[in-house]
Structure formats: C-alpha cells, structure tokens
Amino acid sequence: MDYMELYESWCSDPYFDDETKKELKAIASDPAEIQDRFYRRLEFGTGGLRGVIGAGTNRMNIYTVRQATQGLANYILSQSAQKRGVAIAYDSRQMSPEFAEEAALCLNANGIKTYRFESLRPTPELSFAVRELGCIAGIVITASHNPREYNGYKVYWEDGAQITPPHDKNILAHVAKVTEFSSVKTMCRQDAQAQGLYCTIGSEIDDMYMEQLKKQSIHPELIKKAADTIKIVYTPLHGTGNLPVRRVLKELGFTNVYVVKEQELPDGSFPTVAYPNPEDEKAFALALALAKEKDADLVLATDPDADRLGVYAKDTKTGEYVSFTGNMSGMLIAEYILRERTRTGTMPQHPALVETIVTTDMAKAVAAAYHTALIEVLTGFKYIGEKIRQFEQEHTYHYVFGLEESYGCLAGTYARDKDACVAVMMLCEAAAYYQLQGMTLWDAMLAMYETYGYYKEGLATLTLKGIDGAKQIQEKMREARSNPPKILGGYKVLAVRDYKEGIRKDLATGETAPAGLPASNVLYYELEENAWCCVRPSGTEPKIKYYFGVKGTSLEDAQERLDKLKRDMLNEAE
C-alpha cells in the first residue's frame, strides 16, 4: 500500500481506537503531513525505536510499540528464553507509562514474563535490573535528551547492554517480519497478573542499585570532611534523576544539595526547557540562577532518563560558572579514579579505560600515565558495555571506567550503560577531594590541561528531515567517502579510516590496513599534530554529525585551532 492507502486504512480499520482515528481525520486536508506519517514504518534500528509521538506508521504510538515488541517476542521465543523474562522501565516523557504497559502485555500474550517498574526509573537502573533479575532482555521507554514531542524504545540483552551483534540484527529481522497488526498479540493486565506473567518491581531493586552506586566511592571519608562546606545545585530537568541522585548524595553525606524547584518534578511536557538536554546551555538557566543565589561550587543537570550529566563549576578567580563538556567532566572523573585507585592499591590487574572513537584524545594520555590500557570502540555506549562483557568472558582486562563525548560515562560494572547517577556521585567526590586541597574542579581541569596537553573537541550537526533529507544524508556520506580531503583546518590529512569498508588508508603511501572495528557508516580523518575529525549519520535522528578534536598550546590556541578545523570541515560538507 502507498502512504495514502495506509492512512485511509488507519482511519477505517476497527483495530485502531477512536482517538487515533480522530487525530488522523484532523489532518485530512494536509497531504504533506499524511505522507510524513505514513511514507514508511518507523525504523527499528540497531538500538530500537525513536520518533515523534502521534498516529501513523512513522510515529511512536501504542501500535508501533506493540509491533516492535511482537518482533522482539518472536526472537526471544526463537531462543527458547521466554521463562527468563524481560525487565521494563520508562522515563517521564509523554506516553512513556502507556508504551511500557503495552510492551509488557504484548510480551505476556506471547508467554513471556515481564518485570515492569512501578514508576519511572533511570535508564541505567534498567541495565542493572536486567542482570540482577537474570532476564533475557530489557526495554526502556525513553527518547533520552530529545525534544518533548519525541519518545523512544530501547532494547537491552541479557548482559545489561543495549543490543549488539548478532542480537541487534536478528531482532531487527524479526521486527521487520511483523507487517500485519493482526499478528500482534496482547492481553489484559488482570489476566497477565493472574497467570504470573506480569510482575511489578520497585524499591527492592532501587536499594540494590543504590548499594552498587555507593560501592564505587573511593574516599567516603573525604566526603564527610568536605560535606558541610561544598555546595551543589542540581536539576533533573523534569526527568527520572531527582530521587536516585538526591538519595545517593544524601547517603554519602553531602548536606548542601539544592534542587531547582521548577524542574524537580517529572513532566513530559518539559515546561521550563524547550530541549531537555544537559549539553544545551539554555537548560541550565534556572540552575545557574539558583547557583548564584546559593554561591554553589557545582551545578549539575541530568537528562530525562538520567544517563547523561551536564556540569558547570565555579571559577573562584572570576566568580563565573564555567561550562564543562562531556569530555572534560569525563576526564576529571577518569583521572580521579585512576590516580586514587593506583595510590590506594585498589586498582585491579590489567586495568582498562574504554572510550568511543569521537571522545577526547586526552584519555590516551591519562591512561598511559597510569599504565592503563586504552580501548577504543565505535560511537555508542553499547559498544563500551559490550567490552565489559568481552573482558569478563575472555579474562583480558578489568574495566575501570568508560566514557563518550556525549556527556555519558560509567564507573564500575554493575550496569552496562552510561549512568548519570554514578557520574554525579564521582564528580562530587572528586570536588570534595580537590576542595580539601584548596582547589575547585575548574582548577583541577586547568591542572590536567597543563599536565596532559590542551585538548579541545567540538561537534556540529546538520539536520535533514523527511524522505529528501534521508537521501541527502546518504549522498553526503557517499561524496565524503569518494573524495576525501587532503587538508583540513590547515592540517594535512594523514589517513582515512572508513569503517563501512573496514579499511584505513594512508594517504601518503596509499597503503591500506584493517580499520580495526566492526562495520559502521563512519569516516574518521587522522590529521597532523594530534588533530582529527569524524563524520557519521546519527543512528536515532535525521542528522549527519561532524566531530572535531585538536591539541593546542593553551586554551586560546586550542579554541582557535578547533574553530578553523570546524569551519573547514563544514565547508567541505556543503
């Protein structure tokens, strides 16, 4: 069927509820809107679904959620793993509780037991719960930091990480086969509970998760010494972080924690922010105002599903609050852990620091300083989670810390996804440690630059929506692949890693070698003087992403180098 036939079938088929039909009939005179809603099925990528909430095949709604869940159920049944069950969590977004319920009841109708959280929970707690409960899979309903009109559906496997090969492709194939809504099963909650298929979980998992968080603390005694003097402003941005973040800070002993009241309670309409993303400085407006009122040392924000952390720290010399990128806050935590674990004799044998290929190269310098292996993976924290499993199975390394540039990190192995709750905890502990030495976190960051080099990174995105946008993204990647630049930002391009083709080409000699990572539509340019840039399509949004990294002789020099590289790369992309 073409998109108009699909539209008409949704308007008339008794399978779809009256509210859905009413919403669709209201756009009867808008052919462009009808086309956008029905020109394709909402793509189930290697992580799951993400899209705008609404009626239609290209939207997030109870029908597309059921359809995806039926495909997941079919794969679980093919693995004879239905008795192990599936854990389900959801965040504060609109329709999140409803989508979590529909997913549970679809699985239940297929004879698969579910463990659904009683109320909203952070994504990393879902990762923890999958392993703690011995589940075969997990689902979390979230669109992370996307705008309010979005929601999403992420799938985890038994190791607690988001799905990776071969399960991602296998699940995707099973979802693709569910083409008729008539083949999608569901049942009522009362019957599912009576049959022991629908289970509710809550505080017992919260308590175990909290204990695992606190076990990551290296110097709880230092927290007690600084707890009464360090001041922390925190905002959950209307998301899931409020209770777990405040609880872990309180149980560790921090006493001066001020929460932004206007953003404290969960609210999927995000009334105080257009974009609930801790990477966006606008999201910090209320928190920074409160910080100035309280004379806070730290200003922290977590995104709606509490897997990303944004940070500002006070510069006591100027009295201003300085923004930290995910690379900066991640490296502060990483160095603190590596240094203090080494100093206290608690560093495991064969330690490893894991980062994605678009994360700061400062990680390489820090890892080398503490005799720690540095392992690079493709973009996406699921690949860091995958490394934890591989290390445990192959007995090669002990995972100590992992980070990605997009404001996500994980200390410890209790979960297999980035966790803003543990990031808050470790950063506040590091702040306490430095305060006892008469330093702020900004002082500590400057000391790291002096020690390891002035590394600076940036990101630019180009949004191209709809059918034409998808084609343009493909064309831009083809052009970049077939005509690699020779010079970028004044730096000579030394080599190009084409992860889709699986090769690294030395541009001076023409020699090729394996790229060293799984196939992915990513181009990475190695430049002179420790500079680099990378381009890839987003896996969850209609965007193409450009990443940049340089090493300068000062903060000002690094910024100038970065700006020049960014301009040149974007000009190449036009």
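The dialogue below walks through several features of a predicted model.

Q: How many strands does the open sheet have, and in what order do they lie?

A: The open sheet has 6 strands in the order E1-E5-E4-E2-E3-E6, and the pairing is mixed. Strand E1 (48-52) and strand E6 (198-201) are the edge strands, each pairing on one side only. From one strand to the next, the twist averages 15 degrees.

Q: In which sense do strands E2 and E3 pair, parallel or antiparallel?

A: Strand E2 (residues 86-90) and strand E3 (residues 114-117) pair in the parallel sense, over 3 bridges.

Q: Which strands does helix H4 touch?

A: Helix H4 (residues 62-78) packs on the sheet and touches E1, E2, strand E4 (137-141) and strand E5 (150-157). The direction of H4 makes about 5 degrees with that of E5.

Q: What describes two packed helices?

A: Two values are used: the angle between the axes of the helices and the distance between those axes. Here, helix H13 (residues 326-344) and helix H14 (residues 362-369) pack at an angle of about 5 degrees, and their axes are 10 Å apart. Angles under 35 degrees count as roughly parallel, so H13 is roughly parallel to H14.

Q: Which residues make the contact of H13 and H14?

A: H13 contributes Met331, Glu335 and Leu338, while H14 contributes Met362, Ala363, Val366 and Ala367. Sorted by class, the contact of H13 with H14 has 6 nonpolar, no polar and 1 charged residues.

Q: Where is Asp361, and is Asp361 buried or exposed?

A: Asp361 sits in the loop between strand E12 (351-356) and H14. Buried means under 20% relative accessible area, and Asp361 has 12% relative accessibility, so Asp361 counts as buried. Apart from neighbours within four places in sequence, Asp361 is in contact with Tyr455, Glu457, Asn530 and Trp532.

Q: How many aromatic pairs does a search of the whole structure find?

A: The search finds 22 aromatic pairs. One of the pairs is Trp10 with Phe38, which is edge-to-face, at 5.6 Å centre to centre and 80 degrees between the planes. Trp10 lies in helix H1 (residues 3-12) and Phe38 in helix H3 (residues 31-38), so this pair ties together parts that are 28 residues apart in sequence. Trp10 and Phe38 are both buried.

Q: Why is the pair of Tyr15 and Phe16 edge-to-face?

A: Planes over 60 degrees apart count as edge-to-face. The planes of Tyr15 and Phe16 are at 90 degrees, with ring centres 5.3 Å apart, so the pair is edge-to-face. Tyr15 has a relative accessible area of 28% and is therefore partly exposed, whereas Phe16, with 4%, is buried.

Q: Which residues form one aromatic cluster with Trp10 and Phe38?

A: The cluster is formed by Tyr7, Trp10, Tyr15, Phe16, Phe38, Tyr63 and Phe181.

Q: How do the side chains of a regular strand lie on the two faces of the sheet?

A: In a regular strand the side chains alternate between the two faces. Strand E9 (residues 298-302) has both faces covered: Leu298, Leu300 and Thr302 are buried on one side, and Val299 and Ala301 on the other. With 5 of its 5 residues buried, E9 is largely enclosed by the rest of the structure.

Q: Which strands pair with E9?

A: Strand E7 (residues 232-235) pairs with E9 in the parallel sense over 4 bridges. Strand E10 (residues 309-315) runs antiparallel to E9, and 5 bridges join them. Val299 stands opposite Tyr312 in E10. E9 and E10 form a hairpin with 6 residues between them, and Ala306 in the turn has a positive phi of about 55 degrees.

Q: How many residues of strand E22 are buried?

A: In strand E22 (residues 532-537), 6 of the 6 residues are buried. Trp532, Cys534 and Arg536 are on one side, and Cys533, Val535 and Pro537 are on the other.

How values were computed. Residues are numbered from 1 along each chain as its sequence is written. This is a predicted model: local features need pLDDT of at least 70, side-chain atom pairs count only at pLDDT 80 or more; totals for chains, interfaces and linings use all residues. Side-chain values use heavy atoms; hydrogens and water are left out. Two strands pair if DSSP finds at least two bridges between them. Helices (H or I, at least four residues) and strands (E, at least two) are DSSP runs, numbered from the N terminus. Axes are lines fitted to C-alpha atoms, for helices over the stretch in contact, and angles run from 0 to 180 degrees between N-to-C directions. Contact means heavy atoms within 4.5 Å. Angles under 35 degrees count as roughly parallel, over 145 as roughly antiparallel, 65 to 115 as roughly perpendicular and the rest as oblique. Ala, Val, Leu, Ile, Met, Phe, Trp, Tyr, Cys and Pro count as nonpolar, Asp, Glu, Lys and Arg as charged, and the others, Gly among them, as polar. Rings of Phe, Tyr and Trp (its six-membered ring) pair if their centres lie within 6.5 Å; planes under 30 degrees apart count as stacked, over 60 as edge-to-face and the rest as tilted. Buried means under 20% relative accessible area, exposed over 50%, partly exposed in between (1.4 Å probe, protein chains only).
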